[in-house]
Amino acid sequence: MSLFARELALRQPRGTRRRRWLFVPYDQLTDAIGPLSREHPAELGIVLVESPWKASLRPYHRQKLALVLANLRHFALEQAAKGIAVRHVVARGPYREALAPLVAELGPLRTMRPAERELREDLAPLVASGAIVELPHEGWITTTAQFEASQPGPPWRMDAFYRYVRRETGLLMRDGKPLGGKFSHDAANRRPWNGVPTAAQPPRFESDPIKDEAVELVRTRFASHPGELDAGALPATLAEAEATWMWARHACLPLFGPYEDAMSVRSTTLFHTRIAPLLHLHRLLPRRVVDDAASLAVPVAGVEGFVRQVLGWREFVRHVHEATDGFRVGAVREGGPLPPAYWGTPSGLACLDTVVADVWREGYSHHITRLMVLANVATLLDVSPRELTDWFWVAYTDAYDWVVEPNVLGMGTFAAGALMTTKPYVSGAAYLARMSDYCRHCAFDPGSTCPITPLYWAWLERHRVRLEGNPRMTLPLAASAKRGPERAREDAATFERVRGTLARGEPLRPGC
(Lines give C-alpha, C1' and ligand atoms only; values in the text may rest on other atoms or scores of the structure.)
Protein backbone atom coordinates (compact mmCIF):
# COMPACT_ATOMS: atom_id res chain seq x y z
CA MET A 1 0.00 0.00 0.00
CA SER A 2 1.31 3.44 -0.92
CA LEU A 3 1.92 6.14 1.65
CA PHE A 4 -0.95 8.13 0.16
CA ALA A 5 -3.35 5.17 0.44
CA ARG A 6 -2.40 4.66 4.10
CA GLU A 7 -2.85 8.34 4.90
CA LEU A 8 -6.21 8.44 3.15
CA ALA A 9 -7.38 5.35 5.05
CA LEU A 10 -6.41 6.98 8.35
CA ARG A 11 -8.47 10.08 7.55
CA GLN A 12 -11.55 8.35 6.16
CA PRO A 13 -14.70 9.04 8.20
CA ARG A 14 -16.91 6.21 9.38
CA GLY A 15 -20.36 5.59 8.02
CA THR A 16 -19.97 6.30 4.33
CA ARG A 17 -23.04 4.55 2.93
CA ARG A 18 -25.85 7.09 3.30
CA ARG A 19 -24.16 9.89 1.44
CA ARG A 20 -24.68 11.82 -1.76
CA TRP A 21 -21.75 11.17 -4.07
CA LEU A 22 -19.89 13.50 -6.39
CA PHE A 23 -17.38 12.73 -9.07
CA VAL A 24 -14.72 15.45 -8.87
CA PRO A 25 -12.65 15.71 -12.09
CA TYR A 26 -8.90 16.23 -11.94
CA ASP A 27 -9.28 19.97 -12.67
CA GLN A 28 -11.95 20.80 -10.05
CA LEU A 29 -9.83 20.38 -6.94
CA THR A 30 -11.65 22.86 -4.73
CA ASP A 31 -14.35 22.86 -2.07
CA ALA A 32 -15.09 26.57 -2.52
CA ILE A 33 -17.64 26.03 -5.30
CA GLY A 34 -20.35 23.48 -6.11
CA PRO A 35 -21.94 21.03 -3.67
CA LEU A 36 -18.71 20.77 -1.65
CA SER A 37 -19.08 24.44 -0.75
CA ARG A 38 -22.66 24.12 0.49
CA GLU A 39 -23.51 20.62 1.70
CA HIS A 40 -22.58 19.12 5.06
CA PRO A 41 -19.40 17.01 4.96
CA ALA A 42 -21.05 14.16 6.87
CA GLU A 43 -23.61 13.81 4.07
CA LEU A 44 -21.16 13.83 1.16
CA GLY A 45 -18.77 11.50 -0.57
CA ILE A 46 -16.48 12.23 -3.49
CA VAL A 47 -14.98 10.01 -6.17
CA LEU A 48 -11.50 10.90 -7.42
CA VAL A 49 -9.99 9.08 -10.38
CA GLU A 50 -6.25 8.77 -10.81
CA SER A 51 -5.68 7.85 -14.43
CA PRO A 52 -2.42 6.37 -15.74
CA TRP A 53 -4.46 5.68 -18.88
CA LYS A 54 -5.10 9.35 -19.57
CA ALA A 55 -1.54 10.28 -18.62
CA SER A 56 -0.32 7.83 -21.28
CA LEU A 57 -2.52 9.14 -24.10
CA ARG A 58 0.13 11.73 -24.99
CA PRO A 59 3.76 12.25 -23.96
CA TYR A 60 2.81 14.84 -21.34
CA HIS A 61 5.58 16.80 -19.64
CA ARG A 62 6.45 14.95 -16.46
CA GLN A 63 6.15 18.15 -14.39
CA LYS A 64 2.53 18.44 -15.54
CA LEU A 65 1.75 14.85 -14.56
CA ALA A 66 3.34 15.36 -11.16
CA LEU A 67 1.46 18.62 -10.62
CA VAL A 68 -1.94 17.05 -11.31
CA LEU A 69 -1.22 13.88 -9.33
CA ALA A 70 0.21 15.62 -6.26
CA ASN A 71 -2.65 18.12 -6.13
CA LEU A 72 -5.30 15.43 -6.58
CA ARG A 73 -3.84 13.37 -3.72
CA HIS A 74 -3.50 16.34 -1.39
CA PHE A 75 -7.07 17.38 -2.23
CA ALA A 76 -8.27 13.90 -1.32
CA LEU A 77 -6.57 14.12 2.07
CA GLU A 78 -7.93 17.65 2.67
CA GLN A 79 -11.49 16.51 2.03
CA ALA A 80 -11.20 13.34 4.11
CA ALA A 81 -9.91 15.42 7.01
CA LYS A 82 -13.13 17.47 6.82
CA GLY A 83 -15.27 14.35 7.23
CA ILE A 84 -16.07 13.78 3.56
CA ALA A 85 -15.88 10.18 2.38
CA VAL A 86 -13.36 9.73 -0.43
CA ARG A 87 -13.33 6.92 -2.99
CA HIS A 88 -10.01 6.98 -4.81
CA VAL A 89 -9.90 4.93 -8.01
CA VAL A 90 -6.96 4.13 -10.29
CA ALA A 91 -8.21 3.94 -13.88
CA ARG A 92 -6.61 1.56 -16.37
CA GLY A 93 -8.93 2.74 -19.11
CA PRO A 94 -11.43 5.51 -19.88
CA TYR A 95 -13.06 7.38 -17.01
CA ARG A 96 -16.49 5.96 -17.83
CA GLU A 97 -15.16 2.44 -17.28
CA ALA A 98 -13.77 3.41 -13.89
CA LEU A 99 -16.97 5.13 -12.79
CA ALA A 100 -19.63 2.70 -14.05
CA PRO A 101 -19.04 0.09 -11.30
CA LEU A 102 -19.24 2.82 -8.65
CA VAL A 103 -22.58 3.97 -10.00
CA ALA A 104 -23.88 0.42 -9.54
CA GLU A 105 -22.67 0.51 -5.94
CA LEU A 106 -23.32 4.12 -4.87
CA GLY A 107 -26.10 5.23 -7.16
CA PRO A 108 -25.98 8.10 -9.69
CA LEU A 109 -23.04 10.46 -9.29
CA ARG A 110 -23.27 14.21 -9.58
CA THR A 111 -20.49 16.20 -11.19
CA MET A 112 -19.95 19.76 -12.28
CA ARG A 113 -19.75 19.92 -16.08
CA PRO A 114 -16.16 19.06 -17.03
CA ALA A 115 -14.12 21.88 -18.53
CA GLU A 116 -12.32 19.60 -20.98
CA ARG A 117 -14.22 18.48 -24.06
CA GLU A 118 -12.17 15.28 -23.98
CA LEU A 119 -13.54 14.32 -20.58
CA ARG A 120 -17.09 15.33 -21.53
CA GLU A 121 -16.90 13.00 -24.52
CA ASP A 122 -15.58 10.19 -22.33
CA LEU A 123 -18.42 10.58 -19.82
CA ALA A 124 -21.19 11.22 -22.36
CA PRO A 125 -22.68 7.69 -22.25
CA LEU A 126 -22.98 7.85 -18.45
CA VAL A 127 -24.55 11.32 -18.62
CA ALA A 128 -27.00 10.17 -21.30
CA SER A 129 -28.06 7.18 -19.19
CA GLY A 130 -28.51 9.23 -16.02
CA ALA A 131 -25.65 7.47 -14.25
CA ILE A 132 -23.94 10.84 -13.98
CA VAL A 133 -25.99 13.97 -13.32
CA GLU A 134 -24.25 17.02 -14.73
CA LEU A 135 -24.36 20.26 -12.73
CA PRO A 136 -23.21 23.70 -13.92
CA HIS A 137 -19.47 24.34 -13.52
CA GLU A 138 -19.29 27.13 -10.96
CA GLY A 139 -15.61 27.87 -11.51
CA TRP A 140 -16.19 30.07 -14.53
CA ILE A 141 -16.68 33.80 -14.01
CA THR A 142 -18.98 34.26 -17.00
CA THR A 143 -21.90 32.43 -18.56
CA THR A 144 -22.75 31.28 -22.06
CA ALA A 145 -25.62 33.78 -22.01
CA GLN A 146 -23.17 36.62 -21.36
CA PHE A 147 -20.92 35.43 -24.17
CA GLU A 148 -23.85 35.32 -26.58
CA ALA A 149 -25.14 38.70 -25.43
CA SER A 150 -21.76 40.36 -25.88
CA GLN A 151 -21.84 40.10 -29.70
CA PRO A 152 -23.76 38.41 -32.51
CA GLY A 153 -20.75 36.32 -33.73
CA PRO A 154 -19.23 34.34 -35.21
CA PRO A 155 -16.78 35.78 -35.83
CA TRP A 156 -16.18 36.52 -32.16
CA ARG A 157 -13.97 39.23 -30.72
CA MET A 158 -12.45 39.16 -27.26
CA ASP A 159 -12.58 42.96 -27.02
CA ALA A 160 -16.38 43.06 -27.32
CA PHE A 161 -16.75 40.22 -24.82
CA TYR A 162 -14.29 41.82 -22.38
CA ARG A 163 -16.01 45.21 -22.42
CA TYR A 164 -19.37 43.55 -21.88
CA VAL A 165 -18.29 41.45 -18.90
CA ARG A 166 -16.36 44.34 -17.35
CA ARG A 167 -19.62 46.28 -17.32
CA GLU A 168 -21.56 43.24 -16.10
CA THR A 169 -19.17 42.43 -13.25
CA GLY A 170 -18.17 45.99 -12.38
CA LEU A 171 -14.51 44.97 -12.23
CA LEU A 172 -12.18 47.97 -12.61
CA MET A 173 -15.21 50.16 -13.24
CA ARG A 174 -16.36 53.34 -11.52
CA ASP A 175 -19.65 55.08 -12.24
CA GLY A 176 -20.06 52.96 -15.34
CA LYS A 177 -16.68 53.92 -16.77
CA PRO A 178 -13.42 51.96 -16.85
CA LEU A 179 -10.71 52.95 -14.39
CA GLY A 180 -7.96 54.87 -16.12
CA GLY A 181 -10.35 56.08 -18.81
CA LYS A 182 -10.16 53.05 -21.12
CA PHE A 183 -10.89 49.34 -21.08
CA SER A 184 -7.48 48.24 -22.38
CA HIS A 185 -4.11 49.63 -21.35
CA ASP A 186 -2.29 47.26 -23.68
CA ALA A 187 -0.48 50.11 -25.46
CA ALA A 188 1.25 50.99 -22.17
CA ASN A 189 2.39 47.41 -21.60
CA ARG A 190 5.03 46.97 -24.29
CA ARG A 191 8.37 47.81 -22.72
CA PRO A 192 11.41 45.61 -23.29
CA TRP A 193 13.27 44.55 -20.15
CA ASN A 194 16.98 45.31 -19.72
CA GLY A 195 17.49 43.58 -16.38
CA VAL A 196 16.14 46.42 -14.24
CA PRO A 197 14.03 46.16 -12.13
CA THR A 198 15.08 42.71 -10.94
CA ALA A 199 12.81 39.95 -12.24
CA ALA A 200 10.60 38.13 -9.77
CA GLN A 201 11.93 34.77 -8.57
CA PRO A 202 9.20 32.10 -8.36
CA PRO A 203 8.69 30.57 -4.92
CA ARG A 204 10.20 27.25 -3.95
CA PHE A 205 8.26 24.71 -1.91
CA GLU A 206 9.14 22.35 0.89
CA SER A 207 9.27 18.65 0.29
CA ASP A 208 6.46 16.55 1.72
CA PRO A 209 5.95 12.77 1.63
CA ILE A 210 2.77 12.86 -0.48
CA LYS A 211 4.32 15.10 -3.10
CA ASP A 212 7.56 13.14 -3.10
CA GLU A 213 5.70 9.90 -3.67
CA ALA A 214 3.76 11.41 -6.56
CA VAL A 215 6.93 12.79 -8.15
CA GLU A 216 8.70 9.44 -7.81
CA LEU A 217 5.72 7.62 -9.29
CA VAL A 218 5.84 9.89 -12.35
CA ARG A 219 9.62 9.58 -12.56
CA THR A 220 9.43 5.78 -12.75
CA ARG A 221 6.10 5.06 -14.47
CA PHE A 222 6.52 7.78 -17.10
CA ALA A 223 10.27 7.64 -17.51
CA SER A 224 9.91 7.86 -21.30
CA HIS A 225 8.00 11.15 -21.15
CA PRO A 226 9.90 14.38 -21.79
CA GLY A 227 10.58 17.23 -19.38
CA GLU A 228 12.47 17.74 -16.18
CA LEU A 229 10.91 17.06 -12.79
CA ASP A 230 11.39 19.66 -10.06
CA ALA A 231 9.46 18.99 -6.84
CA GLY A 232 10.62 22.29 -5.36
CA ALA A 233 8.82 24.19 -8.11
CA LEU A 234 5.61 22.24 -7.63
CA PRO A 235 2.80 23.68 -5.47
CA ALA A 236 0.71 20.73 -4.28
CA THR A 237 -1.15 21.75 -1.13
CA LEU A 238 -3.79 24.41 -0.71
CA ALA A 239 -1.31 26.36 1.44
CA GLU A 240 1.24 26.27 -1.39
CA ALA A 241 -1.34 27.51 -3.86
CA GLU A 242 -2.07 30.41 -1.51
CA ALA A 243 1.66 31.12 -1.14
CA THR A 244 1.98 31.24 -4.92
CA TRP A 245 -0.82 33.77 -5.18
CA MET A 246 0.63 35.88 -2.38
CA TRP A 247 3.99 35.91 -4.21
CA ALA A 248 2.25 36.83 -7.46
CA ARG A 249 0.39 39.72 -5.87
CA HIS A 250 3.43 41.25 -4.23
CA ALA A 251 6.36 40.30 -6.47
CA CYS A 252 4.72 40.33 -9.91
CA LEU A 253 1.60 42.43 -10.32
CA PRO A 254 3.13 45.80 -9.38
CA LEU A 255 5.45 45.50 -12.41
CA PHE A 256 3.52 43.10 -14.63
CA GLY A 257 1.96 45.70 -16.91
CA PRO A 258 4.93 47.52 -18.45
CA TYR A 259 6.93 44.32 -19.07
CA GLU A 260 4.05 42.03 -20.02
CA ASP A 261 5.39 41.55 -23.58
CA ALA A 262 9.11 41.44 -22.78
CA MET A 263 11.24 38.31 -23.30
CA SER A 264 14.68 37.46 -21.97
CA VAL A 265 17.25 34.70 -21.69
CA ARG A 266 17.72 35.82 -18.08
CA SER A 267 14.22 35.07 -16.82
CA THR A 268 11.32 32.94 -17.95
CA THR A 269 9.05 34.66 -15.44
CA LEU A 270 9.91 38.38 -15.52
CA PHE A 271 6.74 39.61 -13.76
CA HIS A 272 4.18 37.03 -14.94
CA THR A 273 2.25 35.42 -12.09
CA ARG A 274 2.57 31.79 -13.25
CA ILE A 275 -0.76 30.90 -11.62
CA ALA A 276 -2.47 29.45 -14.72
CA PRO A 277 -1.82 25.79 -13.74
CA LEU A 278 -3.42 26.42 -10.34
CA LEU A 279 -6.34 28.33 -11.88
CA HIS A 280 -7.03 25.51 -14.31
CA LEU A 281 -6.99 22.96 -11.47
CA HIS A 282 -9.14 25.35 -9.40
CA ARG A 283 -6.70 25.34 -6.53
CA LEU A 284 -7.07 29.09 -7.02
CA LEU A 285 -10.44 30.43 -8.16
CA PRO A 286 -10.53 32.81 -11.14
CA ARG A 287 -13.13 35.15 -9.66
CA ARG A 288 -11.18 35.38 -6.42
CA VAL A 289 -7.88 36.30 -8.13
CA VAL A 290 -9.38 39.05 -10.30
CA ASP A 291 -11.14 40.50 -7.26
CA ASP A 292 -7.89 40.40 -5.29
CA ALA A 293 -5.97 41.99 -8.15
CA ALA A 294 -8.53 44.75 -8.55
CA SER A 295 -8.12 45.69 -4.88
CA LEU A 296 -4.33 46.11 -5.06
CA ALA A 297 -2.78 49.55 -4.84
CA VAL A 298 -0.73 49.14 -8.03
CA PRO A 299 -0.80 50.94 -11.40
CA VAL A 300 -4.08 50.37 -13.21
CA ALA A 301 -2.30 49.37 -16.45
CA GLY A 302 -0.74 46.36 -14.75
CA VAL A 303 -3.90 45.27 -12.96
CA GLU A 304 -5.97 45.72 -16.10
CA GLY A 305 -3.52 43.61 -18.11
CA PHE A 306 -3.86 40.79 -15.60
CA VAL A 307 -7.66 41.08 -15.39
CA ARG A 308 -7.84 41.04 -19.19
CA GLN A 309 -5.97 37.75 -19.26
CA VAL A 310 -8.24 36.06 -16.69
CA LEU A 311 -11.65 37.70 -17.07
CA GLY A 312 -11.14 38.47 -20.74
CA TRP A 313 -9.05 35.99 -22.67
CA ARG A 314 -9.35 32.91 -20.41
CA GLU A 315 -13.13 33.13 -20.27
CA PHE A 316 -13.41 34.07 -23.96
CA VAL A 317 -11.45 31.11 -25.27
CA ARG A 318 -13.45 28.57 -23.28
CA HIS A 319 -16.70 29.98 -24.74
CA VAL A 320 -15.30 29.86 -28.28
CA HIS A 321 -14.06 26.32 -27.68
CA GLU A 322 -17.51 25.15 -26.65
CA ALA A 323 -19.23 27.07 -29.44
CA THR A 324 -16.97 25.47 -32.08
CA ASP A 325 -16.94 21.99 -30.54
CA GLY A 326 -13.21 22.31 -30.03
CA PHE A 327 -12.54 23.73 -33.52
CA ARG A 328 -13.59 20.42 -35.05
CA VAL A 329 -14.88 22.32 -38.10
CA GLY A 330 -13.34 25.24 -39.97
CA ALA A 331 -9.74 25.21 -38.73
CA VAL A 332 -6.84 24.37 -41.07
CA ARG A 333 -5.01 21.30 -39.82
CA GLU A 334 -2.75 20.36 -42.71
CA GLY A 335 0.89 21.34 -42.93
CA GLY A 336 4.40 20.08 -42.52
CA PRO A 337 5.73 18.15 -39.54
CA LEU A 338 6.94 19.91 -36.42
CA PRO A 339 10.74 20.22 -36.57
CA PRO A 340 12.82 18.23 -34.06
CA ALA A 341 13.92 21.60 -32.64
CA TYR A 342 10.66 21.71 -30.67
CA TRP A 343 11.74 18.53 -28.89
CA GLY A 344 15.14 19.95 -27.99
CA THR A 345 17.34 19.45 -31.07
CA PRO A 346 19.30 22.71 -31.60
CA SER A 347 17.93 24.89 -34.40
CA GLY A 348 20.64 27.55 -34.41
CA LEU A 349 18.04 30.22 -33.63
CA ALA A 350 18.69 31.53 -30.11
CA CYS A 351 15.07 32.62 -29.61
CA LEU A 352 13.61 29.22 -30.46
CA ASP A 353 16.29 27.18 -28.70
CA THR A 354 16.05 29.29 -25.53
CA VAL A 355 12.28 29.04 -25.23
CA VAL A 356 12.18 25.32 -26.06
CA ALA A 357 14.81 24.66 -23.38
CA ASP A 358 12.78 26.73 -20.91
CA VAL A 359 9.67 24.70 -21.67
CA TRP A 360 11.27 21.28 -21.26
CA ARG A 361 12.99 22.46 -18.08
CA GLU A 362 9.94 24.07 -16.43
CA GLY A 363 6.79 23.19 -18.36
CA TYR A 364 6.39 26.94 -18.68
CA SER A 365 7.09 30.03 -20.72
CA HIS A 366 4.93 33.13 -20.73
CA HIS A 367 2.30 34.01 -23.30
CA ILE A 368 4.42 36.22 -25.57
CA THR A 369 7.15 33.59 -25.99
CA ARG A 370 4.42 31.08 -26.83
CA LEU A 371 2.87 33.40 -29.41
CA MET A 372 5.78 35.30 -30.91
CA VAL A 373 8.52 32.66 -30.79
CA LEU A 374 7.06 29.14 -30.75
CA ALA A 375 3.85 29.74 -32.72
CA ASN A 376 5.43 32.41 -34.95
CA VAL A 377 8.32 30.21 -36.13
CA ALA A 378 6.04 27.21 -36.67
CA THR A 379 3.54 29.31 -38.60
CA LEU A 380 6.23 30.83 -40.83
CA LEU A 381 7.39 27.26 -41.61
CA ASP A 382 3.83 26.13 -42.49
CA VAL A 383 3.90 23.50 -39.74
CA SER A 384 0.63 21.61 -39.25
CA PRO A 385 -1.46 23.70 -36.81
CA ARG A 386 -2.86 20.50 -35.31
CA GLU A 387 0.59 19.06 -34.67
CA LEU A 388 1.73 22.31 -33.06
CA THR A 389 -1.41 22.36 -30.91
CA ASP A 390 -0.74 18.84 -29.72
CA TRP A 391 2.86 19.80 -28.88
CA PHE A 392 1.65 22.69 -26.72
CA TRP A 393 -0.85 20.34 -25.10
CA VAL A 394 1.87 17.99 -23.91
CA ALA A 395 4.61 20.54 -23.20
CA TYR A 396 2.92 23.00 -20.83
CA THR A 397 1.71 22.39 -17.29
CA ASP A 398 -1.31 24.67 -17.87
CA ALA A 399 -2.45 23.16 -21.21
CA TYR A 400 -5.93 21.63 -21.47
CA ASP A 401 -8.00 21.28 -24.64
CA TRP A 402 -10.35 24.19 -23.91
CA VAL A 403 -7.45 26.64 -23.62
CA VAL A 404 -4.73 25.20 -25.86
CA GLU A 405 -6.86 24.66 -28.98
CA PRO A 406 -8.16 28.26 -29.14
CA ASN A 407 -4.72 29.63 -28.26
CA VAL A 408 -2.89 27.73 -30.99
CA LEU A 409 -5.49 26.99 -33.67
CA GLY A 410 -7.37 30.24 -33.18
CA MET A 411 -4.62 32.72 -32.38
CA GLY A 412 -1.08 31.35 -32.60
CA THR A 413 -1.34 29.93 -36.12
CA PHE A 414 -4.43 31.77 -37.49
CA ALA A 415 -5.61 28.33 -38.59
CA ALA A 416 -9.23 29.33 -37.90
CA GLY A 417 -8.86 32.55 -39.89
CA ALA A 418 -10.75 35.54 -38.51
CA LEU A 419 -13.07 33.37 -36.41
CA MET A 420 -11.75 34.76 -33.11
CA THR A 421 -8.80 37.04 -33.97
CA THR A 422 -8.54 39.88 -36.43
CA LYS A 423 -5.12 39.08 -37.91
CA PRO A 424 -2.30 36.51 -37.90
CA TYR A 425 0.29 37.12 -35.20
CA VAL A 426 3.44 36.69 -37.28
CA SER A 427 6.57 38.82 -37.36
CA GLY A 428 10.09 39.07 -38.63
CA ALA A 429 13.24 39.42 -36.57
CA ALA A 430 12.74 43.13 -35.82
CA TYR A 431 10.02 42.43 -33.25
CA LEU A 432 12.13 39.82 -31.50
CA ALA A 433 15.14 42.16 -31.41
CA ARG A 434 13.01 44.96 -29.98
CA MET A 435 11.20 42.97 -27.30
CA SER A 436 13.90 40.50 -26.23
CA ASP A 437 17.62 39.97 -25.71
CA TYR A 438 17.63 36.67 -27.61
CA CYS A 439 19.33 38.17 -30.65
CA ARG A 440 22.38 39.17 -28.60
CA HIS A 441 23.03 35.48 -27.97
CA CYS A 442 22.47 34.35 -31.55
CA ALA A 443 24.83 33.66 -34.44
CA PHE A 444 22.41 35.53 -36.72
CA ASP A 445 22.10 39.31 -36.98
CA PRO A 446 18.45 40.42 -36.77
CA GLY A 447 19.00 43.23 -39.26
CA SER A 448 20.81 41.27 -41.96
CA THR A 449 21.27 37.52 -41.68
CA CYS A 450 18.40 36.23 -39.49
CA PRO A 451 16.20 33.92 -41.60
CA ILE A 452 13.07 34.80 -39.62
CA THR A 453 12.60 38.03 -41.58
CA PRO A 454 12.68 36.44 -45.07
CA LEU A 455 10.50 33.66 -43.67
CA TYR A 456 7.98 36.33 -42.72
CA TRP A 457 7.96 37.88 -46.21
CA ALA A 458 7.78 34.46 -47.86
CA TRP A 459 4.82 33.53 -45.64
CA LEU A 460 2.92 36.67 -46.67
CA GLU A 461 3.41 35.87 -50.35
CA ARG A 462 2.47 32.19 -50.03
CA HIS A 463 -0.75 33.14 -48.26
CA ARG A 464 -1.50 36.39 -50.10
CA VAL A 465 -4.78 35.20 -51.58
CA ARG A 466 -6.07 34.13 -48.17
CA LEU A 467 -4.97 37.36 -46.48
CA GLU A 468 -5.97 39.99 -49.06
CA GLY A 469 -9.47 40.45 -47.68
CA ASN A 470 -8.17 41.25 -44.18
CA PRO A 471 -7.95 45.03 -43.62
CA ARG A 472 -5.27 44.59 -40.94
CA MET A 473 -3.00 42.92 -43.48
CA THR A 474 -3.24 45.64 -46.15
CA LEU A 475 -0.03 47.42 -45.14
CA PRO A 476 2.12 44.28 -44.67
CA LEU A 477 0.96 42.89 -48.03
CA ALA A 478 1.65 46.21 -49.74
CA ALA A 479 5.14 46.30 -48.20
CA SER A 480 5.76 42.75 -49.36
CA ALA A 481 4.72 43.61 -52.92
CA LYS A 482 7.19 46.51 -53.00
CA ARG A 483 10.09 44.13 -52.35
CA GLY A 484 9.85 42.96 -55.96
CA PRO A 485 9.96 39.55 -57.66
CA GLU A 486 13.69 38.94 -57.18
CA ARG A 487 13.55 39.35 -53.41
CA ALA A 488 10.37 37.30 -53.34
CA ARG A 489 12.27 34.43 -55.03
CA GLU A 490 15.09 34.80 -52.49
CA ASP A 491 12.59 34.74 -49.63
CA ALA A 492 10.95 31.61 -51.05
CA ALA A 493 14.34 29.94 -51.39
CA THR A 494 15.14 30.80 -47.75
CA PHE A 495 11.87 29.19 -46.69
CA GLU A 496 12.69 25.96 -48.54
CA ARG A 497 16.24 25.88 -47.19
CA VAL A 498 15.27 26.60 -43.57
CA ARG A 499 12.36 24.19 -43.58
CA GLY A 500 14.49 21.41 -45.05
CA THR A 501 17.40 22.01 -42.67
CA LEU A 502 15.23 22.02 -39.56
CA ALA A 503 13.22 19.01 -40.76
CA ARG A 504 16.49 17.06 -40.94
CA GLY A 505 17.27 18.04 -37.36
CA GLU A 506 20.25 20.14 -38.43
CA PRO A 507 21.06 23.59 -37.00
CA LEU A 508 20.89 26.72 -39.14
CA ARG A 509 24.14 28.63 -39.66
CA PRO A 510 24.79 32.07 -41.18
CA GLY A 511 25.90 31.85 -44.78
CA CYS A 512 24.64 28.29 -45.30
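**Pairs, packing and loops**

Biologist: Are Trp391 and Phe392 buried or exposed?
Modeller: The cut-off is relative accessible area: under 20% is buried, over 50% is exposed, and in between is partly exposed (1.4 Å probe, protein chains only). By that rule, Trp391 and Phe392 are both buried.

Biologist: What kind of model is this?
Modeller: Residues are numbered from 1 along each chain as its sequence is written, and side-chain values use heavy atoms, leaving out hydrogens and water. Local features need pLDDT of at least 70, side-chain atom pairs need 80 or more, and totals for chains, interfaces and linings use all residues, for this model is predicted.

Biologist: How many aromatic pairs does a search of the whole structure find?
Modeller: Rings of Phe, Tyr and Trp (its six-membered ring) pair if their centres lie within 6.5 Å. Planes under 30 degrees apart are stacked, over 60 edge-to-face, and the rest tilted. Searching the whole structure gives a count of 17.

Biologist: Which residues form one aromatic cluster?
Modeller: Trp391 and Phe392 both belong to it.

Biologist: How many disulfides does the structure hold?
Modeller: A disulfide needs two cysteine sulfur atoms within 2.5 Å. The number in this structure is zero.

Biologist: Where is the nearest cysteine sulfur to Cys351?
Modeller: Cys351 is in no disulfide, and its nearest cysteine sulfur is 6.4 Å away, in Cys450. Cys442 is in no disulfide either; there the distance is 6.2 Å, and the nearest sulfur again belongs to Cys450.

Biologist: At what angle do helix H18 and helix H21 pack?
Modeller: Two packed helices are described by the angle and the distance between their axes. Axes are lines fitted to C-alpha atoms, for helices over the stretch in contact, and angles run from 0 to 180 degrees between N-to-C directions. H18 (452–462) and H21 (484–503) have axes 8 Å apart, at an angle of about 110 degrees.

Biologist: What is H18 relative to H21, in words?
Modeller: Under 35 degrees is roughly parallel, over 145 roughly antiparallel, 65 to 115 roughly perpendicular, and the rest oblique. So H18 and H21 are roughly perpendicular.

Biologist: Which residues of H21 make the contact?
Modeller: Contact means heavy atoms within 4.5 Å. H18 supplies Pro454, Leu455, Trp457, Ala458 and Arg462, while H21 supplies Asp491, Ala492, Thr494, Phe495 and Val498.

Biologist: Where is His319, and what does it touch?
Modeller: His319 is in helix H12 (300–323). It is buried, at 3% relative accessible area. Leaving out residues up to four places away in sequence, His319 touches Thr142, Thr143, Thr144, Phe147 and Phe161.

Biologist: Is Pro340 buried or partly exposed?
Modeller: Pro340 is in the loop between H12 and H13. Beyond its neighbours within four places in sequence, it contacts Thr345, Leu502, Ala503 and Gly505. Its relative accessible area is 25%, so Pro340 is partly exposed.

Biologist: What is omega for the cis peptide bond joining Pro154 and Pro155?
Modeller: Pro154 lies in the loop between helix H6 (144–150) and helix H7 (158–169). A cis bond also joins Gly153 and Pro154, with omega about -5 degrees. For Pro154 and Pro155, omega is about 0 degrees.

Biologist: What is phi of Phe414?
Modeller: Phe414 is in the loop between helix H16 (401–412) and helix H17 (429–435). At 4% relative accessibility, Phe414 is buried. It is not a glycine, yet its phi is positive, about 60 degrees.

Conventions
Helix = DSSP H or I, 4+ residues; strand = E, 2+ residues; numbered from the N terminus.
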